[in-house]
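Please read the following report alongside the sequence and the coordinates. It covers confidence, sheet order, helix packing and charged pairs.

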Amino acid sequence: MLGSERRTRRAALGVAALAVVGLLGAVALQASPATSEASRAAAPETKLRLSAPADTTVIPDAYLVSLAEGEPAAVAAEHAEFGVTVDRVFTRALRGYSARMTAALARRVAADPRVRTVTLDRRVSAASQLLPPGIARVGAPSSQTQAGDGAGDVDADIAILDTGIDVDHPDLHVVGGVDCVSDGALLGTSPSEPSTDPAGYDDPRGHGTHIAGIAAARDNGVGVVGVAPGARLWAVRVLDSAGNGSLGTLICGIEWVTANAGTIDVANMSLSGLDPDLGCRDGALHEAICGSVAAGVTYTVAAGNASADAEDYSPASYAEVVTVSALADYDGKPGGLGTNPQPLDCLGEDDEFAEFSNYGEDVDLIAPGVCILSTWHGGRYVELTGTSQAAAHVAGAAAIYRAAHPSATPAQVRAALLAAASSDWVSRTDPDGRPDRLLDVSKL
């Protein structure tokens with residue numbers, strides 16, 4: 001289980017800072033059949049993905065069903081006839097459906113030759129104008145958008161898959177979204193179709209609003225400014241008011257993003273947890289992200305806050321996403337001369353690798369993630385710490401690049417971000433000995 005995003009006691013514009021947990025439960029290690037022929041030949045038990053007995057994240061009688069063939073709605077309807085309660089049907093990022101059923105029914109579903117995998121669903125959880133040091137450190141004031149000059153919006157669209165976004169925050173350009181939670185989806189009581197009512201994706205917790213502000217707070221003379229000021233924000237609510245969700249709610253959000261891939265340029269997922277990478281045919285989260293990336297959406301994700309190798313965490317370990325570790329920065333400048341404002345809360349020395357951040361070969365970039373000031377629900381501003389905040393910086397950078405190169409593929413966006421990145425930080429503090437490149441949007 002992942003450690004929580006760190007809490008800072010320092011008030012930000014008169015508001016005490018808060019923290020949010022971010023995690024994903026473990027999955028079984030069975031590989032999925034690669035072809036529909038293999039699916040037909042496989043025994044039902046080999047297609048069932050059951051978590052370890054000690055896995056407390058499992059949602060009783062909740063499953064994800066992926067198909068090797070067949071039309072998802074039709075197959076789901078057939079299975080409903082013998083007792084399966086279908087929640088949502090997926091047709092884009094993942095072909096299949098989420099449902100509630102007994103273990104006996106799950107075995108019966110797995111026996112259908114059209115079914116590729118049946119996976120237990122699990123809970124997931126999240127955490128006058130100023131130019132925050134992190135925004136300065138990644139070169140946003142010198143980028144083509146000149147963040148902080150008081151003018152201009154970035155012509156790009158960013159989806160924030162999180163707790164929602166404060167739709168009325170004056171510093172954020174929220175243009176729409178979807179609610180995949182409805183404060184009941186975790187228990188299987190959600191409607192079969194996600195809601196696009198703004199009241200549903202308004203942020204009751206604050207974490208998604210914080211991420212949105214780092215990526216795209218407006219350059220409007222108030223509050224803070226983001227990496228890609230004024231970029232259009234889409235609130236994809238996959239976590240409820242307690243910061244909880246499931247693989248099903250995450251895939252619902254990814255499905256919605258994929259359906260709108262013609263509009264959305266970048267999707268940020270500040271979620272991470274222990275989860276072995278089974279590849280693009282895992283019948284669950286990785287397969288959905290692969291489908292969404294194939295549709296043209298660039299995904300930025302947090303490396304995780306466990307001081308561990310990111311190879312054991314998802315979606316951080318996925319090759320298709322841009323994975324981000326966290327840097328401590330207190331003055332917005334290189335050189336390691338900044339002063340830690342709160343040694344007990346702002347973890348790490350200036351320009352050094354954040355002590356809580358995951359690391360490893362799966363990490364693509366490093367960005368500021370310690371005591372980051374950003375927007376909060378209720379029109380407020382607070383500081384939070386975590387790789388969630390680092391990933392949000394990269395989401396803004398990806399949006400800047402897509403605004404200038406609207407036809408760029410996710411692979412091209414990633415390559416451009418890496419090519420522009422620098423080594424101008426105390427890179428010897430990277431635990432794995434392979435220093436991550438520091439995000440630099442001034443060179444995009």
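The report below starts with the basis of the model and then moves from the sheet to the helices and the salt bridges.

**Basis and confidence**

This is a predicted model, in which local features need pLDDT of at least 70, side-chain atom pairs count only at pLDDT 80 or more, and totals for chains, interfaces and linings use all residues. Residues are numbered from 1 along each chain as its sequence is written, and side-chain values use heavy atoms, with hydrogens and water left out.

The pLDDT, the predictor's confidence in each residue on a scale from 0 to 100, averages 83 over the chain, and 78% of the residues score at least 70. Residues 127-131 have a pLDDT below 50, yet this stretch makes 28 contacts in the model beyond near neighbours in sequence; a contact means heavy atoms within 4.5 Å. Residues 146-150 also fall below 50 in pLDDT, and that stretch has 16 contacts beyond near neighbours in sequence.

**The sheet**

Helices (H or I, at least four residues) and strands (E, at least two) are DSSP runs numbered from the N terminus, and two strands pair if DSSP finds at least two bridges between them. Eight strands form an open sheet with parallel pairing, in the order E10-E11-E9-E13-E15-E17-E18-E21. E10 (174-179) and E21 are the edge strands; each has a single partner strand, so one side of each is left without a neighbour in the sheet.

Val324 stands opposite Leu365 of E18. E18 in turn pairs with E21 (residues 437-438) in the parallel sense, over two bridges. On that side Leu365 stands opposite Arg437, while the bridge partner of Ile366 is Leu438. In a regular strand the side chains alternate between the two faces of the sheet.

**Helices against the sheet**

Angles here run from 0 to 180 degrees between N-to-C directions, with axes as lines fitted to C-alpha atoms, for helices over the stretch in contact. H7 (residues 207-216) lies across E9 (157-162), E11 (232-237) and E13 (266-269), and runs at about 155° to E9. H10 lies across E9, E13, E15 (298-302), E17 and E18, at about 125° to E17.

Thr387 belongs to H10 (residues 387-404). With a relative accessibility of 1%, Thr387 counts as buried, where buried means under 20% relative accessible area, exposed over 50% and partly exposed in between (1.4 Å probe, protein chains only). H10 is mostly covered, with 16 of its 18 residues buried. The end C-alpha atoms of H10 are 26 Å apart, which agrees with the 26 Å that its 18 residues should span at 1.5 Å a residue; the expected span is 1.5 Å times one less than the number of residues.

Val293 sits in another helix, H9 (residues 285-294). Val293 counts as buried at 14% relative accessibility. Beyond neighbours within four places in sequence, Val293 is in contact with Tyr299, Glu320 and Pro410. Its C-alpha atom is separated by 8.2 Å from that of Thr258, 35 residues apart along the chain.

**Salt bridges**

The structure holds 12 salt bridges, each defined as a side-chain nitrogen of Lys or Arg within 4 Å of a carboxyl oxygen of Asp or Glu. The table gives some of them.

| Glu78 | Arg114 | 2.8 Å |

Glu78 in H3 (residues 72-81) and Arg114 in the loop between H4 (103-110) and E8 (115-125) are 36 residues apart, and their pair links distant parts of the chain. Glu78 is partly exposed, at 37% relative accessible area. Together with Asp112, Glu78 and Arg114 are linked in a network of salt bridges.

Asp157 is buried at 5% relative accessible area, whereas Arg232 is partly exposed at 24%.

In the remaining pair of the table, Lys443 counts as exposed at 54% relative accessibility and Asp440 as buried at 12%.
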